[in-house]
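Please find below a colleague's note on the structure shown here. It is arranged as numbered points, for reading alongside the coordinates.

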Amino acid sequence: MRDVYLDHGATTPPRPEVVEAMLPYFKEQFGNPLSLHRYGDGPRQAVEEAREKVARLIGARSNEVYFTASGSESNNLAVKGIALMNRQRGKHIVVSAVEHLSVINAAQTMEKLGFEVTLVRVDKYGTVDPVDVEKALRDDTTLVSVMHANSEVGTIQPVAEIAKMVKGRSKAYVHTDAVATVGRIPVDVNELGVDLLSLAGNQFYGPKGAAALYIKRATRIMPLIDGGIQESGRRAGTEDVPAIVGLGVAAEMAAEDLVERSAHVLPLRDRLIEHLTTDIDHVFLTGHPTQRLPGHVSVVVEFIEGEAMLLLLNMQGVAASSGSTCTSRALKASHVLTAIGVEPALANGSLLLTLGLGNSMEDVEYFREVFPPIVDRLRQMSPLYKGA
Amino acid sequence: MPQYSEKVMDHFMNPRNVGEIPDADGVGSVGNPVCGDLMTFYVKVDDNRLEDVKFKTFGCGAAIAVSSMVSEMAKGKTLEEAKKITNADVAAELEGLPQNKMHCSNLGADALHKAIEDYEAKAKEG
C-alpha cells in the first residue's frame, strides 16, 4: 500500500521552511504587532515583511495587500465590500456561473439587500467568454467577478481580456478569485488588470488561516470586520502573526520556483488524464483540455458514484476528492458541473485529483494499479452498468 | 472516513447479496441517479418467504451498505415480516448513519417493499 495524496486543491502540506519560520511567533515572539513596547516590534516587522513577499509574488505594492483568514473571507470582502461602499453609483453585480460558492453566495446575500446579480454562463469547458460578460454589463454594474481558474474543473479563465473589456466600457470594479492559481502559475495583477484579487496560503504550501485580498490603491471598499486599525482599517482584529509569516515564506518560495512547480506536475497530470480516459471505458474529462491548471485532473466516471470511489481509494491509501452530490455536506450537486452541462447522473460520478510537489510518477503508476479494480467493483454493483 | 460506523464500512466493503436474479419473482427500483442513489432489488419467493434477495445499487457508501443490510435482514423472512422492515430498523442494524445519509436507509426499505409489491401484483394476475 502507498500513501498518495491527490487532494492539493483542498489544501497543501506546509513546507518545512514555512513551519520553521512560524514557530518563533508562537514562542518568544508572541507579541501583538500593535503593541508599542518591544514585544510588538518583531511581530510587526514580520507581518510587514510577509506583506512585501506576498506583494512581490503578484506584482503588487505592499500597501495593496490586505491579510485575511481565508480565500472565502477575501472573496466576501471583495464582493460585499465593493458592493456596499459603492452602492450609490450602482447596484448590479456580475459573476460567472462557476465562481466559488464564497463569491456566488456573497452575491446572493447582496441580492437580499436589494442588489441585482447576473450569472454569466460558461461553455462546456467552463470557460467564460468576454463577450458574454460584456452583454451582462449595465450602466449600474458596480462589480464584475470572474475567477482566474476553477478549482473543480481546472479551467483557466481569460481574466486579462475580461478586465480590459470591463474597464474599457464601464466604471465597474473587477475582482478575480485567484485562490487556485497564485503559487501555481504566474499571476501578476498588472497583467491581469484587475482591481481586486483573492489568494490563500494553504493552496501553495503555506498554512491555513492566512490569505489575502489585493486591493488596488484608490479602490473604495467597505470593511467586513470593523474595529481597530489593523490592515489600514480595512480588516480589524489582532493579526494571526504565525500564519501571516508562514504565508510570506510560502509566497517567497513560490516566487522562486513557480516554473518548476508546473513543470513538475504537468507530466503527472497528463499521464493520469491519459490513463483515466483511455484505459477505462466511459470516463470523461471535465474542464478545458489545455487551458487548465497544470496539476488538475477532473473526470466523471459513468455508472458509479463519487463518494463510493473516494472510500475505496482511501482504503488503498489514495486521498482524492469529488464533486458528487453525496460528497457535498449540503447534499447538493456541484453547481460547476451543472453549469458546464454535465448530465446530473454523470456528475455524480465526479472524481477530482489535484497534484502537488510531493507527488511522483510512482504515485501515478500506483493510482493506475488500484483504480481500475475499484471502478470494476462498483460497476459490477451498479444497476446502470450493462457491460461485461 | 470518520462518519461511518464499522458496521456500515463492513457492509460497504463486503456487501452481501450483490447481483441480479434473472427469473426474479419481483423487482423493485427506487431512487434516481440524478440525486445520486438508485437501488434495484430482486426477490425470489417460495412458500410466502423471501427465498433469495439480490440487489444492484448506484450510490455512495451509505447507499451500498444500506442495500446490503436490507438484503441480509430480508432474506428468509416471510413477506409480512419483510414488509415491516423500516428505515429506522435498517439504520439501527447498521449502528447508525450520519444525519445527511438517513435518506439512503429510506430508499433501501422502499426498494425491497416495491419488489415485494411487484411479486404480489404478478401473483394476483396469476
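The points below move from the overall fold to the domains, the core, the chain interface and a few single residues.

1. The structure under discussion is a predicted model. Chain A contains 12 helices and 12 strands. Its radius of gyration is 21 Å, close to the 21 Å that the globule rule gives for 388 residues, so chain A is as compact as a globular protein of that length. The C-alpha trace of chain A spans about 70 × 55 × 35 Å along its principal axes.

2. Burial and contact order. In chain A, 53% of the 388 residues count as buried. Among contacts of chain A with a separation of 6 or more, 72% are between residues 24 or more positions apart.

3. Domain division. Chain A is divided into domain 1 (4–11 + 258–381) and domain 2 (16–254). Taken over C-alpha atoms, the centres of domain 1 of chain A and domain 2 of chain A are separated by 28 Å.

4. Contact between the domains. How many residues of each domain are involved in the contact between domain 1 and domain 2 of chain A? On the side of domain 1 there are 21 residues, in contact with 22 residues of domain 2. At least two residues of the domain 1 side are supplied by each of H8, strand S10 (296–301) and helix H10 (335–339) of chain A. H8(A) provides the largest share of that side, with three residues. By class, the side of domain 1 that touches domain 2 has seven nonpolar, 12 polar and two charged residues.

5. In soluble globular proteins, nonpolar side chains tend to be buried together. Here the largest nonpolar core has 155 residues, and those with the most contacts inside it are A:Ile58, A:Tyr214, A:Met309 and B:Val43. Helix H8 (residues 241–279) of chain A gives the largest share of this core, 14 residues. Domain 1 and domain 2 of chain A each contribute at least three residues to this core. The surroundings of A:Tyr214 may be listed in detail: leaving aside residues up to four places away in sequence, A:Tyr214 touches A:Ile58, A:Ala60, A:Glu64, A:Val65, A:Val189, A:Leu196 and A:Leu197.

6. Interface between the chains. In the contact between the two chains, 20 residues of chain A meet 18 residues of chain B. H9, helix H11 (344–347) and helix H12 (361–381) of chain A each supply at least two residues of the chain A side. The largest share of that side, four residues, comes from H9(A). The chain A side divides into 11 nonpolar, six polar and three charged residues.

7. Helix H1 of chain B. Which residues of helix H1 (residues 6–13) of chain B are buried? They are B:Val8, B:His11 and B:Phe12. These residues lie on the same side of H1(B), because they cover an arc of only 100 degrees around the axis. The buried residues of H1(B) pack against helix H9 (306–315) of chain A together with helix H2 (61–74) of chain B.

8. Positive phi values. Two residues other than glycine may be checked for backbone geometry. A:Glu231 has a positive phi, near 50 degrees, and is placed in the loop between strand S8 (211–215) and H8 of chain A. Is B:Glu95 buried or exposed? B:Glu95 counts as exposed, with 12 C-beta neighbours inside 10 Å.

9. A buried loop residue. A:Val146 belongs to the loop between strand S5 (141–145) and helix H6 (159–169) of chain A. With 26 C-beta neighbours inside 10 Å, A:Val146 counts as buried. Not counting residues up to four places away in sequence, A:Val146 touches A:Ser96, A:Val128, A:Val133, A:Gln157, A:Val159, A:Ile162 and A:Thr176. The C-alpha atoms of A:Val146 and A:Gly358 are separated by 30 Å, the two residues being 212 residues apart along the chain.

Terms used. Residues numbered from 1 in each chain as written. Chains lettered and ligands numbered in written order. Predicted model: local features only at pLDDT ≥ 70, side-chain atom pairs only at ≥ 80, totals over all residues. Rg over C-alpha atoms; globule rule 2.2 N^0.38 Å. Buried ≥ 20, exposed ≤ 12 C-beta atoms within 10 Å, placed from the backbone. Contact = placed C-beta atoms within 7 Å. Core = buried A, V, L, I, M, F, W, Y, C linked by C-beta atoms within 7 Å. Domains from an automatic or database assignment. Arc of directions from axis to C-beta. Nonpolar A, V, L, I, M, F, W, Y, C, P; charged D, E, K, R; others polar.
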